[in-house]
Amino acid sequence: MEAHPSHAELSHVLPKYPKTAGSLLQTYNDLKLAQQWEALEVLDVPSCARGAVKGRRPNTEDTLFVVPCSLAESLNISWFHQAFHDLGKPPHVYLAINADDSNIVYYKLSPGIVKPAV
Amino acid sequence: MSLIGPSQPRKPSGKGGAHRAENNRIYANPLPLLFITPGNTRYISPHRVLGLFGLSGVRIENPHCEGVLDPATRSVWITNSKDAMILWRRGFFGKGDLSRSEPSWYTRQVNARKAAGKYLTSEEIREKRRKERQQFKLDRSKALAEAAAEKEAAFAEGREASTVAIPSGATWKPQPAEGLSLPSVHPEQGIPEEDPIEEDPVEEVEHLQLTLQEAFFLLWNLDCLTVLDSVTDEAMGLKSIWSAFKRVYHPPGIAPNLSSTYDGRFDNPFLVHYAAYHYYRSLGWVVKGGIKFCVDYLLYKRGPVFAHAEFAIVVLPVYEDPEDQKTSPFDLNNASPFSWTWLSTINRVNSQVQKTLILTYVTIPARSRVNPEVLSSPAALSHYSVREVVLRRFIPARMRD
């Protein structure tokens, strides 16, 4: 993992939270290289004991937040409220669920009821 | 997979004979090992003489692939692209970490730069399909809004509303937009921000990621994979790989005096999942991850490129001794009795995509009956048993015959 070029950008957060290091690295790589997000920044979210990623989708203006987690973890709503709060209460947050085979499933979570766009 | 889609004109080398023949040629070998029968059966050859004695002159060609264990992501990384291709093409092992299936990130970057990609990768086809579906949804919502406005106007005037055609998935056709079948990424947008003009040579940063179960299957049963330690870069022997793979599921950075609570446990998630993986692989199925369908594994008859998965596997560990579950440091998924709503949800999701749900019960041996000492070698796996229960929804009103 250390040999991966992205490790340098994550080095300030990865050693702090070894349990979620793998999912953070996978999510960051996917967003940066595969999804080609722009202006990527890694944030430290101590209340959730992990790092989060902030960035923009290509050719858009909105900043989006992605919180990585692994399939093996159990999460609950209060954890999520805390995450929302610490990230500055954005309208929605993406949860990136990582599997061992490097599949990532993104879920869009918003506080309250949101009507679908179309 | 949605059944609705715009009908496409048949391309000459589409999913017709040529494409299928090509796939049959590329993916001809079901396992990384090749069995070479020496040809030339006309003359008396050592191969035929051996055959008379009941011995086979078949030579086994072993690709000897190499990978690195990464405990953080719980996987084995294959960085050599030749090995990655071999493992993907002979048995569909692993997944490119920046791609849907086959490592194709490099090809996509090159395609994006040239913007003349003649062969669209599967990700690009997926993007195209998503854009078309998005357009269809926009057209449909516009038509619905028009119909509603028309009805309002008609009601206000007291006349009959004239019908507005609302596109349905089967009848809607995508409008030919600018550009034909090229990927919709413009050259400037495809290249990272730092060099909009110059072509910086693209460096391959993708690797093939094998799950621990796939890696262990390859190295233990076929002996075609060498796993290097991530820190020392040395090849690991079977014994050290066995304990390292189990240790991946221990909490990282644990104190040595506490690690004994995690050792010698039969309910290590690696063992439980490996039992199920080995069971289906040895029966000839191609086993891939099933996170996209809320299940543990998907079973393909020949491979993902040939047909969609027919079966969705959920691994349900069962403790032979309930006491083991109480003292377990691992929080195994689905080890407790599940709720009806959970089962119903998963079954619904999979019936929508025409997959049959299979509940795979893996029995975890009791520590009281089987000595935990056996866990020092893979022979411990013989103590696990696997049973399956196939689930189909029965609707009495419709299924009368």
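Q: What area is buried between chain A and chain B, and which share of it do carbon and sulfur atoms give?
A: The size of an interface is often given as the accessible area lost when the parts come together. Here buried area is the accessible area (1.4 Å probe) that two parts lose on being put together, summed over both. Between chain A and chain B, carbon and sulfur atoms give 58% of a buried area of about 2,400 Å².

Q: Which helix gives the most to the side of chain A that touches chain B?
A: Helices (H or I, at least four residues) and strands (E, at least two) are DSSP runs, numbered from the N terminus. With seven residues, the one that gives the most to this side of chain A is helix α2 (residues 21-34).

Q: How many residues does each chain bring to the contact?
A: This is a predicted model, in which totals for chains, interfaces and linings use all residues, while local features need pLDDT of at least 70 and side-chain atom pairs count only at pLDDT 80 or more. Side-chain values use heavy atoms, without hydrogens and water, residues are numbered from 1 along each chain as its sequence is written, and chains are lettered from A and ligands numbered from 1 in the order in which they are written. With contact meaning heavy atoms within 4.5 Å, the numbers are 27 residues from chain A and 29 residues from chain B.

Q: How many salt bridges does the rule find across the interface of chain A and chain B?
A: A salt bridge needs a side-chain nitrogen of Lys or Arg within 4 Å of a carboxyl oxygen of Asp or Glu. Across the interface of chain A and chain B, the number found by this rule is zero.
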